[in-house]
Amino acid sequence: MGMVETKRLSASVPTADLAGTRLSGVRVRARPRWGPGALEYSVTMVLSRGWSLFLIGVGVWTWAIWPRFGLAIWNDARAWAGGTVGGGAPTGFFWIHLLLIAAALVIGTTVGVLGIRGWRAARRASRR
């Protein structure tokens, strides 16, 4: 493993001088990511294994907690117009909690996937 040049990111360092350097765990790439007019250089980051594991845990915790909360909302009499479980049409109480649960699962899944991707990237970085 060779020495890696590091530079402090500030307004005084031209972007062209950052290509191929490492900034506190952030790697600067010297190739455009998008079409014309995009930023000339993009910055990518590799999470540590500890933070990656934390994000994976948050994703798992989300899937352990929120479906159980959904079951509790389903069994709540306030969720139904008839006042009994499954009796009548769903109320606003039901729909707002359903939206909350769906959003939490999407966010939790995204965080978990980011954790998995970070874990894999950290593993690849440690092999070099």
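1. The protein chain has 2 helices and 3 strands, running β-β-β-α-α from the N terminus on. Helices here are DSSP runs (H or I, at least four residues), strands likewise (E, at least two), numbered from the N terminus. Keep in mind that this is a predicted model: local features need pLDDT of at least 70, side-chain atom pairs count only at pLDDT 80 or more, and totals for chains, interfaces and linings use all residues. Residues are numbered from 1 along each chain as its sequence is written, and side-chain values use heavy atoms, with hydrogens and water left out.

2. Buried residues make up 24% of the 128 in the protein chain. Buried means under 20% relative accessible area, exposed over 50%, and partly exposed in between (1.4 Å probe, protein chains only).

3. Now the helix pair. The axes of H1 (residues 49-74) and H2 (residues 92-127) come within 7 Å and cross at roughly 160 degrees. That makes the two roughly antiparallel, a word used for angles over 145 degrees. The axes are lines fitted to C-alpha atoms over the stretch in contact, with angles from 0 to 180 degrees between N-to-C directions.

4. Have a look at valine 113, which sits in helix H2. With 42% relative accessibility, valine 113 counts as partly exposed. Valine 113 and glycine 59 are 54 residues apart in sequence, yet 7.8 Å apart in space, C-alpha to C-alpha.

5. Leucine 71 belongs to helix H1 and is exposed, because its relative accessible area is 52%.

Note on methods:
Angles under 35 degrees count as roughly parallel, over 145 as roughly antiparallel, 65 to 115 as roughly perpendicular and the rest as oblique.
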